[in-house]
Amino acid sequence: MAKSNYITREGWHTLDQELKYLWKIERPQVTQAVSDAAALGDRSENAEYIYGKKRLREIDRRVRFLSKLLDILHIVDPDPRQEGKVFFGAWVKVENEDGEQHIFRLVGSDEFDPAKKWISIDSPVARGLLGKQVDDEVTVMTPSGVATYWILQIDYQLLA
């Protein structure tokens, strides 16, 4: 299945800031360090030069990736007509069969972050939640088996 090209405004801003940092701050610093290391002479045994060239390749690769990615991503802002239903960008509080409560935010595949409880819109759980309302039961197939959730709360601002 192809991944979606959706992203939240804050997710797009984060990627854009990374691109600007790499291009305007880190790359010039590394370029100068490589130039300084090259001036020291024999480059074949110069660790600073070798590492600097490697880091420049990494930066350039990431800059190319981010530039192309930012061109194809579509920023999705919450719409007031979405209130009460689960759509992209929503924070959703659910309860599973064991009575455990979880809060998820549905975000783009380029910004998901399990530590923040941000799940990709392309994940089985997110696909199961899309379009649902409070008190709806959602059954999804996950890598660890079938999971059933009941939707307790939906908001487009951070849930407590």
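In which sense do strand β3 (residues 91-96) and strand β4 (residues 101-107) pair? In this predicted model, the two strands run antiparallel to each other and are joined over 5 bridges.

Across the pair, E95 stands opposite Q101 in β4.

Strand β4 also pairs with strand β5 (residues 118-120), here in the parallel sense. In this second pairing, L106 stands opposite I119 in β5. In a regular strand the side chains alternate between the two faces of the sheet.

The two pairings are set out below.

| Strands | Sense | Bridges |
|---|---|---|
| β3 and β4 | antiparallel | 5 bridges |
| β4 and β5 | parallel | 3 bridges |

These strands belong to a fold with 3 helices and 7 strands, arranged from the N terminus as β-α-α-β-β-β-β-α-β-β. The radius of gyration of the protein is 22 Å, well over the 15 Å that the globule rule gives for 160 residues, so the protein is more spread out than a compact globule. Along the principal axes, the C-alpha trace spans about 70 × 35 × 30 Å.

Of the 160 residues, 38% are buried. Among contacts with a separation of 6 or more, 56% involve residues 24 or more positions apart. The protein exposes about 10,000 Å², of which carbon and sulfur atoms supply 53%.

Definitions and conventions
Residues are numbered from 1 along each chain as its sequence is written. This is a predicted model: local features need pLDDT of at least 70, side-chain atom pairs count only at pLDDT 80 or more; totals for chains, interfaces and linings use all residues. Side-chain values use heavy atoms; hydrogens and water are left out. Helices (H or I, at least four residues) and strands (E, at least two) are DSSP runs, numbered from the N terminus. The radius of gyration is taken over C-alpha atoms; the globule rule is 2.2 Å times the number of residues to the power 0.38. Buried means under 20% relative accessible area, exposed over 50%, partly exposed in between (1.4 Å probe, protein chains only). Contact means heavy atoms within 4.5 Å. Accessible areas come from the Shrake-Rupley method with a 1.4 Å probe; for residues, only the protein chains shown count as cover. Two strands pair if DSSP finds at least two bridges between them.
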